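Welcome! Take a look at the model, then read on.

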Amino acid sequence: MTWVGLQMLRNDRAKFAAMIVAVSLAVFLMQNQAAILATMLSMTAAQIRDVKDADLWVTQPEVECFDQVRSLRDIELLRVRGVPGVAWAAPLVKIDAIGRSDGGRLNTVTMLGIDDASLVGLPHRMRVGQADAIRERDTAVIDPGGHELFFPGEPFRPGRSIRIRDRRIRIVGVSDAAAPFTGLPLLHTSRSTAAALSLGEAHLTSFILAKATPGSRPAEVCRRIDALGGLRARTTEGFARDAMRFYGSQGVPMLFMVTIGIGLVVGAAITGQTFLMFIKENARPLSMLKVVGTTDRQLGRMILLQGALVLGLGSCFGSAIAAAVCDLVRTQPFLRSLYLPWEIALGTCGALASVTGLALYASFRHVRALEPATVFR
Amino acid sequence: MVSDDPTAVRCTDIRRHFGEGEARVEVLCGVDHSVRRGELSFLVGPSGCGKTTLISVIAGLLEPTSGAVSLFGRNLGTMPPDERVLFRREHLGFVFQQYNLLQALTAAENAAVPLLAAGMRRLEAVDRARALLDRLGLGSRTGAYPRQLSGGQQQRVALARALVHEPRLVICDEPTAALDHATGEAVMELLATAAVHPDRAVLVVTHDSRVYHFADVIAHMDDGRIVRTEAGPSSPVPTSPFPSTAPA
């Protein structure tokens with residue numbers, strides 16, 4: 001009998017299509033907004049997670065995210081190096097400054113000064129050039145978004161430079177660094193070059209990157225560093241989570257959740273309403289089926305399968321559109337970090353299925369209450 | 001299991017009302033009626049006299065307020081609802097005034113619906129339905145959808161649906177009401193030849209007097225009672241075994 005149910009659904013093409021479109025659009029809207037939210041939050045931690053070779057981050061105690069910089073005294077690096085369980089520690093400098101391209105384009109840039117000796121924090125993937133070329137003084141590698149801002153529409157060409165604080169910084173490559181939350185161009189350079197760009201601050205080090213010795217638990221090493229006083233150590237993932245929590249508490253996620261909620265409610269309402277209408281308009285055929293001996297259980301299975309087909313097809317179409325849009329948008333250098341986690345895809349489809357399930361249940365109750373004798377009238 | 005009782009349908013003092021208080025309407029007022037196996041029995045009467053309510057009660061689709069209905073010796077009133085549905089699925093076939101074919105299914109698929117409801121595999125059910133449609137003269141139209149069929153053809157598909165599972169009782173509600181005279185005559189001819197069987201009873205509700213000559217027995221109904229039962233023109237049976245409950 002489930003086959004009969006599917007044929008009935010297929011026969012009412014207008015409602016079948018309307019339900020699939022409603023589910024598809026709702027799934028697309030929810031997945032798209034959830035993906036943007038997830039991407040934005042992950043971008044707040046992108047520069048932290050991009051550092052693959054260290055597993056500890058040490059900052060001033062009050063620092064909550066990568067974009068909050070409070071310099072550390074140089075002595076702190078030595079203190080951290082002296083903590084049992086620390087294999088090595090290296091400084092990382094973060095400077096925001098104004099850059100100007102040869103073509104006259106002006107942008108605020110974020111410069112990351114990497115320890116000259118160890119190159120800890122160097123981009124681990126490059127699109128063009130070699131990352132370790134920054135060992136040479138007054139050179140840097142730029143991220144794709146930054147390159148697009150300073151040299152829009154142009155391919156990378158060696159020898160170009162950006163003027164920062166009256167120094168000409170030569171661009172030696174394009175990194176594949178994750179897009180920063182701030183949207184500013186990201187330049188990786190050596191600590192010595194960054195120091196030359198400083199405005200005479202007493203302390204340059206923004207973060208200390210460290211590695212736990214083999215066999216030491218990073219969380220335990222963090223506690224030891226914290227115990228030194230005046231410092232706060234976190235694992236890479238812990239610092240990333242803190243950064244996401246910090247930005248997540250600013251209210252932006254609420255705006256996205258409202259849109260996601262609207263998508264859920266509207267999608268479920270249209271789908272549920274159309275499905276209920278489909279069932280009500282088919283009251284007479286369904287009554288006939290009851291007269292000829294179709295049980296409520298069989299009719300329930302029919303409705304369940306009809307609903308599952310609509311939700312399945314709609315979810316597939318919606319997810320495919322969301323994934324395609326995501327892929328399309330990612331071709332833009334500034335939006336290259338946009339991603340659609342499978343958890344979001346599954347969660348949104350599940351949420352819609354749960355809410356639409358209520359409409360299916362209402363439809364089933366309607367069918368169960370149908371008086372089969374009405375078919376004689 | 002059904003018994004060997006020669007009476008297919010036995011209604012005893014069936015009463016049924018709708019509504020309560022001032023809105024209460026007595027639709028069936030103590031109906032005694034029976035239909036024998038092998039009999040083509042007509043239930044006739046003016047609109048609103050309770051014919052449809054009576055066949056709904058006989059089919060187990062409506063509970064009587066009081067009284068008993070037994071089909072082939074089985075008392076419907078003592079059956080649990082689920083069992084009644086299964087009994088109806090196995091032993092009853094229905095022909096409706098408006099055909100009630102599923103627009104999404106072909107003629108053969110429509111005719112196969114009772115078999116599908118009984119759990120038969122689709123291909124096997126449709127094959128059986130196709131064979132029956134062939135016997136009913138619709139062999140060339142088994143793949144047609146209802147919208148592609150004339151009224152008479154649709155009623156023949158409905159007849160096939162009523163007979164495909166070889167039920168013991170076929171209940172027809174105004175089977176010719178939506179058809180012109182010639183088509184109605186043809187459908188009744190088909191009903192009389194295809195549905196009537198020594199082991200099967202056919203109960204037809206109609207007020208189309210032009211088809212009365214097909215009846216073995218005609219029960220006249222008025223104001224919720226069987227007022228007269230008479231042998232039809234084609235009857236080998238002289239009278240109904242039940243006396244009329246008509247007031248003197």
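## A loop residue in chain B

Let us begin with B:Asn100, which sits in the loop between S6 and helix H3 (107-111) of chain B. Helices (H or I, at least four residues) and strands (E, at least two) are DSSP runs, numbered from the N terminus. The phi angle of B:Asn100 is near 55°, a positive value in a residue other than glycine. B:Asn100 counts as buried, because 23 C-beta neighbours lie inside 10 Å. A residue is buried if 20 or more other C-beta atoms lie within 10 Å of its own, exposed if 12 or fewer, and partly exposed in between, with C-beta atoms placed from the backbone.

A word on the source: this is a predicted model, in which local features need pLDDT of at least 70 and side-chain atom pairs count only at pLDDT 80 or more, while totals for chains, interfaces and linings use all residues. Residues are numbered from 1 along each chain as its sequence is written, and chains are lettered from A and ligands numbered from 1 in the order in which they are written.

## A loop residue in chain A

A:Asp138 lies in the loop between strand S4 (126-128) and strand S5 (139-142) of chain A. Its phi is near 60°, a positive value in a residue other than glycine. Is A:Asp138 buried or partly exposed? A:Asp138 counts as partly exposed, because it has 17 C-beta neighbours inside 10 Å.

## The sheet of chain B

Chain B has an open sheet of six strands in the order S6-S7-S8-S3-S9-S10, with mixed pairing. Strands pair if DSSP finds at least two bridges between them. Strand S6 (92-95) and strand S10 (225-231) of chain B are at the edges with a single partner strand each, so one side of each has no neighbour in the sheet. From one strand to the next, the twist averages 20°.

Strand S9 (residues 217-222) of chain B pairs with S10(B) in the antiparallel sense over six bridges. B:His220 has B:Arg228 in S10(B) as its bridge partner. H1(B) lies across strand S3 (40-44), strand S7 (169-173), strand S8 (201-206) and S9 of chain B, and runs at about 155° to S8(B). Here axes are lines fitted to C-alpha atoms, for helices over the stretch in contact, and angles run from 0 to 180 degrees between N-to-C directions.

## Where the chains meet

How many residues does each chain give to the contact? Chain A gives 22 residues and chain B gives 22 residues, where two residues are in contact if their C-beta atoms, placed from the backbone, lie within 7 Å. On the side of chain B that touches chain A, the elements giving two or more residues are helix H1 (51-58), helix H2 (81-91) and helix H4 (113-117) of chain B.

## A helix and a leucine in chain A

In helix H1 (residues 2-11) of chain A, the buried residues are A:Val4, A:Gly5, A:Met8 and A:Leu9. These residues pack against helix H2 (13-43), helix H10 (283-291) and helix H11 (296-330) of chain A, together with H4 of chain B.

A:Leu77 belongs to helix H4 (residues 74-81) of chain A. A:Leu77 is partly exposed, with 18 other C-beta atoms within 10 Å. Not counting residues up to four places away in sequence, A:Leu77 touches A:Ala89, A:Pro91, A:Thr205 and A:Ile208.
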